[in-house]
Amino acid sequence: MKYPLLLSALLCITWSLDTCAQSYEHYSWETTPAKAKLKPGEASQPEVQLYRHIQYEYSYEDINSPTLYFTRHEMVRVNTDEAVASNNRIYISMNRVLELVEVHARTINPDGRVVELNKSDIKEVEDEEVGSGYKIFAIDGAQTGSIIEYYYTSKMAPSYFGREYFQFQRPTKKASFKLIGPTNLQFEFKSYNGFAGVIKNDQIKDKNVYTGVGQDIPSLKPEHFSAYNDNRQRVEFKLAYNSVKGNVRLFTWEAAGQNIYAQMHNLEKQELKKVDKILKAIHVEQYNTPFLKAAAIEDYVKTKFYIDENRSSNNYSIDFIYKNRFSSKYGITRLMVALLEKADLPIELVLTNNRGDVKMDGSFESYNYLDEYLIYLPKEDKYIAPYHSHLRLEMAPAELTANHGLFVRTMKVRDYAYPVSEIRYIAPAKAEDNFDNMDITVDFDQDLTANAIRMDRSFKGYQASYIKAVLPLLEADKREEMMKSLVKFMGQDADIQDLTFAKTQFDFKTYQEPLTLNSTFKTSAFVERAGSALLFKAGELIGPQSELYQEEKRMLPVENEYNRSYVRTIRVTLPDAYEVQNLKDIVIEAEAMHEGKIVYSFKSDYTLEGRVLQINVIEAYHEIFFPLERFEDFRKVVNAAADFNKVVLVMKQGKKI
């Protein structure tokens, strides 16, 4: 998404350098392979990263613009057959690659025998989706105990921002980062999660050389309810200065805001005419509140135009979009901004990134964080996700919330307008705005082998938005199939008698209303006999639950996708002459506190009036993040739901014990 912004930014780097053209320093490895020195316990690991080296070198082969040479060097000791299988094929991305300059690979077997790569075995595979492909080659001769080593150097179009990871699911004995550039290009770096700081080597006078070295980096594995990449050791870097143009800081948040503001607001006459025509088609003047005006504009764009990132990169002209009814994500955002502002609705453009990868660090001005767009309506305190067709005003994609963003607003002084940029927090939706509630009534059939169930299931928020988006597009059979899936999660044998949505038409005025599915069905999934006892699997009525019964030590702090809540009311008419023997098993409670407030909770209890047993279950997650040292509190809440899911009520004839 950042490419139009970067295209403008890159133009400022094509400054001539008053020196002779330079060539890059060829990277090479040791002619004699190094022997692996493993510590006690490392040989028992499936695989160990002995060495990882990442190198960027910027060289003025053309004195007007640098060329980038990217080198990656890996050494892995494979200790199991599975590790051999997962490491014996190497992929080299050709995205942005002008030339693959060097490729070397070898296997060092336990007996010292070395098997070199036959370069004729390198194959190329095209990837049509990204417009480039991969070089692929197999590693020959590897066996348990071998070292697989390779490096390659790619000549590439330059990038002035980078992100490199140095922590993986296998332990790494040594990792190094190196960036080499001409003296006029000065870079800045920031290390995360314990990786060594990157420092400049002041002993080298004719180049700028920056290095960082990490030792004995522990393995890190993905865990449920966590952000893996954000917690890995990594380095971010950016070009900060070009001394040819003086002491002017490059690629600042302010510059990013100015660039994107200009791109969004400098409309040609033909574009302005098309904006007026679209607003006329929307009849925006008929809506009497800013919210309805914005919602009408958003809905029109999302229903009349579509996203196609694979077409021409010049498709973000509003004139082009109007004629062809499609554009890129950037183009649709540009159209939405133009319509909102023409309708006199104050907005702020927000640039951010997916926190499922890494969270935006507002203290480090890297355009690597400027991947996605949102539009913020400050007077409404609500967001528009311009190219997410399943979302409507009030909802930002969950992965873009609980994160920081670059907010760009218009400041006016008399007749002059200019952009103001600042880093602010994008608050996530509240738990009560994202619910999946169930109201369930259960009866037993005459021979007590099955249940007749009525379930009213209501959704609001993210889950509802996906269903609402696809409903109008589905054929009758596909719609019924989807509806059945929302019921059969409780029992695949469900014999459904009635299945209807309470409401299927949602316009932009009612889009945020709950979506409710009413169903009645029969199933034998919840009842069975055990001698004279009748077993009723009441816990399974809430559907499968996540579990956190891990034995290994937790390594990552909690990070939820979004805040959410669940309310389930279950009314069971008990069969005549049967009494429940273990009602106390229903009562489960767990909670996690933060700053004096309950942030996560699970509570189940019951009431019994005559033959009607009512089970009440309330579960809620009010915070995205929770510290590692308090993980046990969070786990108790998640497992409380899983424990309830296992509750089986034992019923016997006669009095309750």
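**Close-up 1. Helices α5 and α7 of this predicted model run roughly antiparallel to each other.** The model is predicted. Helix α5 covers residues 290–304 and helix α7 covers residues 329–342. They pack at an angle of about 150°, and angles over 145 degrees count as roughly antiparallel. The two axes lie 10 Å apart. The crossing of α5 past α7 is right-handed.

**Close-up 2. Residues at the contact of α5 with α7.** From α5 come Ala-294, Ile-297, Glu-298, Val-301 and Lys-302. From α7 come Ile-332, Leu-335, Met-336, Leu-339 and Leu-340. By class, 8 of these residues are nonpolar and 2 are charged. None is polar.

**Close-up 3. Ile-297 in the largest nonpolar core.** This core has 93 residues. Phe-177 and Ile-297 touch the most other members. Helix α7 supplies the largest share of the core, 8 residues.

**Close-up 4. A second, separate core.** This core holds 62 residues. Among them are Leu-515, Ile-570, Val-599 and Tyr-600.

**Close-up 5. Buried residues of helix α8 and their packing partners.** Helix α8 spans residues 462–470. Its buried residues are Tyr-462, Ala-464, Ser-465, Ile-467 and Lys-468.

Terms used. Residues are numbered from 1 along each chain as its sequence is written. This is a predicted model: local features need pLDDT of at least 70, side-chain atom pairs count only at pLDDT 80 or more; totals for chains, interfaces and linings use all residues. Side-chain values use heavy atoms; hydrogens and water are left out. Axes are lines fitted to C-alpha atoms, for helices over the stretch in contact, and angles run from 0 to 180 degrees between N-to-C directions. Helices (H or I, at least four residues) and strands (E, at least two) are DSSP runs, numbered from the N terminus. Angles under 35 degrees count as roughly parallel, over 145 as roughly antiparallel, 65 to 115 as roughly perpendicular and the rest as oblique. A crossing is left-handed if the near helix is turned anticlockwise from the far one by less than a right angle, and right-handed if clockwise. Contact means heavy atoms within 4.5 Å. Ala, Val, Leu, Ile, Met, Phe, Trp, Tyr, Cys and Pro count as nonpolar, Asp, Glu, Lys and Arg as charged, and the others, Gly among them, as polar. A nonpolar core is a set of buried Ala, Val, Leu, Ile, Met, Phe, Trp, Tyr and Cys residues joined through side-chain atoms within 4.5 Å. Buried means under 20% relative accessible area, exposed over 50%, partly exposed in between (1.4 Å probe, protein chains only).
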